[in-house]
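This report goes through selected side-chain and helix contacts in one protein model. Please keep the sequence and the structure open while reading.

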Amino acid sequence: MTTTTATATSATTTARAASRPRLGPVPVLWLALLATPLAAGANAPVLILPDMARSLGVSGSTATWLVASYAWAMAVGTPLLAGLLRRRGLRAALRVAGALLVGGTLLVAASPWLPLTLTGRAAQAAGGAGLTAVAMSLAGSARRMGVISAGFGILGASGPLLGAQLAHAVSWRLSLSVSVIAVLAIPVVSRYATTPVAPEATSRGKFDVRGAALLTAFASALVLLPHAPTAALGSSVVAATLLALHVRRRPDGFVPAALIRKPLFLGSALLALALSGSYFTLLFSVPRLLTDRAGWDAGTAGTGQLVAMLTGSALSWLLAAASARMSRVAVRSVLVGVGATAAAIAVFASWGPLLLVATVGGIFAATGANAVLSMHAASSAPDPQRPTAIGLFALCYQLGGAFGPAIATTLVLAA
């Protein structure tokens, strides 16, 4: 009787399991919705900083900290939330990132003071960075990652115009809140992604608080390097030294020693940093070059650059889609060749359309690198460390966004 009952129970359980729908990979458009609003939120203030400054009762230069705080939180939030994903799993990362994004948006919408608004912007960026880390971890292929990266480029290109239109129609606070639409994808991603990212076995040791703090300090110093070079340079050297010593003492901690010693990971991350820095230098330089060299007015230059950025972002997906049939050497040769050509054109060209070609090449190389090289970096790590690899790779890519404007100011804008 017992055997019969056990057999019947087993059969019932098997039937129920078989009747449950088996969900495949998360549809890539949901991953794009989860990740890409971050780019629109980052660039939305570009054209409305004077309005924001007047509303908050501060100077225009002080209002630029609303951009800097977002960039800082993106940079430090990515590896931190990726670490949470690694140790606690997908749903914990989605909940925390979503809460940060919503909470930060509420602060931005209601705060009458700059410090509280800065806090809200930082929380928005950290939450968006966490959702982006999740989306990148779930992409699974360069082709799917290409959709996310192309979406980043397209929304990043459209962000300033979208922000200006929303500010004109409603309020600049609405412009700074566009990234919150990413939370619409959280329930869907949580439902589909049942077991794609398993948390690391936490029984092997406590969370590496010191490693996380040192990485945050190092990234913060690097982000502030363009704004306070002397202090940031000294701080970054100290933080890097302490972090290196800590990694030697705890090689399996927040920054895994085995990962950062792998040539594939280091090569991918550093190349992404270089191409990202080159692109953001072009992004801020080309409008001035179009005015000075080609005689274009600001409106024509802005429209031309927008079209060029949208074109380059779309083309980068073609590289991502084709990368599965290409060797790593071939992919990197394309990225380096196009990126170097774009930089050379910007240095020597004086014809307007050719300068726009430089913008196309710059964003093609940067977004293509984000799509393809992120997969190379992730493949260099064992499965439990893939979120960490993607988080550190994304940190390097975003540092290019911090360095690029400073390089443009030094070489072009200050001239």
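## Basis

The model is predicted, and local features need pLDDT of at least 70, side-chain atom pairs count only at pLDDT 80 or more, while totals for chains, interfaces and linings use all residues. Residues are numbered from 1 along each chain as its sequence is written, and side-chain values use heavy atoms, with hydrogens and water left out.

## Thr105

Thr105 sits in helix α7, residues 90–110; helices are DSSP runs of H or I with at least four residues, numbered from the N terminus. Thr105 is buried, at 9% relative accessible area. Buried means under 20%, exposed over 50% and partly exposed in between, with a 1.4 Å probe and protein chains only.

The Thr105 side chain reaches the backbone oxygen of Leu101 at 2.8 Å. With the side chain of Gln124, Thr105 makes a polar contact of 3.1 Å. A polar contact is a pair of N or O atoms within 3.5 Å; within protein, one must be able to donate a hydrogen and the other to accept it, and residues adjacent in sequence count only if both atoms are side-chain atoms. Apart from neighbours within four places in sequence, Thr105 is in contact (heavy atoms within 4.5 Å) with Gln124, Ser177 and Val180.

## Thr216

Thr216 belongs to helix α12. A polar atom of the Thr216 side chain lies 2.8 Å from the backbone oxygen of Ala212. Not counting residues up to four places away in sequence, Thr216 touches Val76 and Leu80.

## Arg332

Arg332 is part of helix α17, residues 328–348. The side chains of Arg332 and Ser268 are joined by a polar contact of 2.7 Å. Beyond neighbours within four places in sequence, Arg332 is in contact with Leu264, Gly267, Ser268, Leu271, Leu373 and His376.

## Helices α2 and α9

Helix α2 (residues 28–35) packs against helix α9 (residues 142–169) at an angle of about 35°, and their axes are 9 Å apart. Axes are lines fitted to C-alpha atoms, for helices over the stretch in contact, and angles run from 0 to 180 degrees between N-to-C directions.

From α2, the contact is made by Val28, Leu31, Ala32 and Ala35, and from α9 by Arg144, Val147, Ile148 and Phe152. These residues divide into seven nonpolar, no polar and one charged. Here Ala, Val, Leu, Ile, Met, Phe, Trp, Tyr, Cys and Pro count as nonpolar, Asp, Glu, Lys and Arg as charged, and the others, Gly among them, as polar.

## Aromatic pair

Two aromatic pairs are found in a search of the whole structure. One of them, Phe207 with Phe254, is edge-to-face, at 5.9 Å centre to centre and 85° between the planes. Rings of Phe, Tyr and Trp (its six-membered ring) pair if their centres lie within 6.5 Å; planes under 30 degrees apart count as stacked, over 60 as edge-to-face and the rest as tilted.

Phe207 lies in the loop between α11 (186–192) and α12 (209–224), and Phe254 in the loop between α13 (229–249) and α14 (257–260), so the pair ties together parts 47 residues apart in sequence. Phe207 is partly exposed, with a relative accessible area of 38%, whereas Phe254 is buried, at 8%.

Methods
Helices (H or I, at least four residues) and strands (E, at least two) are DSSP runs, numbered from the N terminus.
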